[in-house]
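User: I'd like to learn how to read cavities and aromatic contacts in a model. Can we walk through one together?

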Amino acid sequence: MLTRRRFLAGVAGLATVPLFSARGGSASGAQSRLVEARLVAGPARAQLVPAGYPSTQVWAYDGQVPGPTLRLRQGDRLRVEVHNALAEGTTVHWHGVRVPNAMDGVPHVTQPPIAANGGRFLYEFELRDAGTYWYHPHLGSSGQVGRGLYAPLIVEEHEPPAVDRDVVWMLGDWRLDRQARIVEDFGNFMDASHDGRIGNTVTVNGAIREAFELRAGERIRLRLVNAANARIFSLDFRGHDPVVIALDGHPVEPHRPDGGRVVLGPAMRVDLLLDAAAEPGGSHAVVDDFYSRRSYRLLDLRYARERLRDGGAGSPLPKLAANPLSDPDLARAERHRIEFGGGMMGSMMGMGMMRGMAWTINGRSMPDSGHDHAPILTLAHGRSIVFELVNDTQWHHPIHLHGHVFRVITREGRPTRYREWLDTVLLPPRARAEIAFVADNPGNWMLHCHVLDHQGAGMMALIRVA
Ligand code: C2O
Ligand code: CU
């Protein structure tokens, strides 16, 4: 980690995108609106590390890391014009949002790349599900996301739970040199064949943070988004008792996280209710201890001297309305086994790795250059599906399916307690999980590891729904 100086900053600083028109809304908000926005992807400078150190040359949406938050209401239609001011092609993928296939931002599959130096593309889709999502490029993802192209997409419920503040912490991970420059070794063999590009600098909303200020008595909805290339977080909110209310955007039975740790693999989101139940004036560390012997303090929860009067801390837990997802019919589901292989100490140590293809799905490796490979499976539109996901490697893989949300029904053969809906499931080494969903969104959809150097080294495949 870069040295942390005493550095006073709250975790504010998440800009909201200028939504330059909103039409057709009714006062009650019940009717859907058309919301238009414009995003520019291009080079920028960002102060990731404390003042006194240099700023960093990054790639960013609208010149900021994270890019502007798109905050909408469930049922809104979003129309975004994306301009590419980068010197290479890009796309935007709306991670976790159930968009029509043509809006999914997968280059060569759903659209041509948005051309370098001035290309543009118009995305338009409806936000059917409330929750915490994000957007990022899907071309050369390791380098593009890893240089800072990512931002939150928040869809508010028709009746949001009562909280005193609704806050996003977008977690980033960077590999910086001593001048705070990004180390340009994206996709190197060492990272790609092991646990991916784990950096040396963790940021919350685009900066190393010393503290997050709160007031005793308040209830915060804390939306955590892991935008790191490869780092997995396991957050211990010392002196606090956060309650998980949604995973990957979707409501889950409110519960205390397992082992008291909030675990997020790359691309995953967790919505917490964080009650500020400690005393005014105090300070409590949030520690990330996912990697043994490499634990560190993410930031401190720092209490103001004044208590918030009539804050929501300690009030009953709200119940979020379910999103309109179709429940799979397990008795009639079509079953498929999908195996993830490769990597160091994996089985694929021969020719494949020589070509840089370290990882496989069902024995096949898909090159990053062209996503346009034949689907490994074709699913009948409307059919209930169970995938048995088998991690045949020594490494963690957060497996993401596009265009759909699935229930995790078993892990290691045992039924899961919450049957949570996810779009990205973290598979520990040698682990397996069964996921179930209705193949209700036609098109060719990516299934891939969200460790971006694993994805870039072949751990992706296409699933066709037709
Ligand atoms: Cu967040 Cu296929 O990506
Ligand atoms: Cu992986």
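Predicted model: local features only at pLDDT ≥ 70, side-chain atom pairs only at ≥ 80, totals over all residues.

User: What volume does the largest cavity have, and how does its lining split by class?

Analyst: The volume is about 50 Å³. The lining has 5 nonpolar, 2 polar and 2 charged residues. The count of cavities of 30 Å³ or more comes to 3.

User: On to the rings. What describes a pair of aromatic rings?

Analyst: Two things: the distance of the centres and the angle of the planes. This structure holds 9 aromatic pairs. Take Trp94 and Tyr135: their ring centres are 5.3 Å apart and their planes sit at 40°, so the pair counts as tilted. The pair links distant parts of the chain, with Trp94 in strand S6 and Tyr135 in strand S8, 41 residues apart.

User: Are Trp94 and Tyr135 buried or exposed?

Analyst: Both Trp94 and Tyr135 are buried. Now try Trp169 and Phe212, an edge-to-face pair with 5.3 Å centre to centre and 75° between the planes. Here strand S10 supplies Trp169 and strand S12 supplies Phe212, 43 residues apart. Trp169 is buried, at a relative accessible area of 0%, and Phe212 is buried too, at 2%.

User: Which residues do ring pairs link into a cluster?

Analyst: Tyr61, Trp94, Phe121, Tyr123, Phe125 and Tyr135.

User: And which residue lies over the face of Trp59?

Analyst: That's Arg147, at 4.3 Å from the ring centre. Likewise, Arg294 lies over the face of Tyr291, at 4.9 Å from the ring centre.

Methods
Residues numbered from 1 in each chain as written. Chains lettered and ligands numbered in written order. Heavy atoms only, no water. 1 Å grid on protein atoms, 1.4 Å probe; cavity = no way out; pocket = protein on both sides within 12 Å on 5 of 7 lines; lining within 4 Å. Points joined across faces, edges and corners; volume = space filled by probe spheres on them. Nonpolar A, V, L, I, M, F, W, Y, C, P; charged D, E, K, R; others polar. Phe/Tyr/Trp six-rings, centres within 6.5 Å; stacked < 30°, edge-to-face > 60°. Helix = DSSP H or I, 4+ residues; strand = E, 2+ residues; numbered from the N terminus. Buried < 20%, exposed > 50% of the residue type's maximum accessible area, 1.4 Å probe, protein only. Lys NZ or Arg CZ within 6 Å of the ring centre and 35° of its normal.
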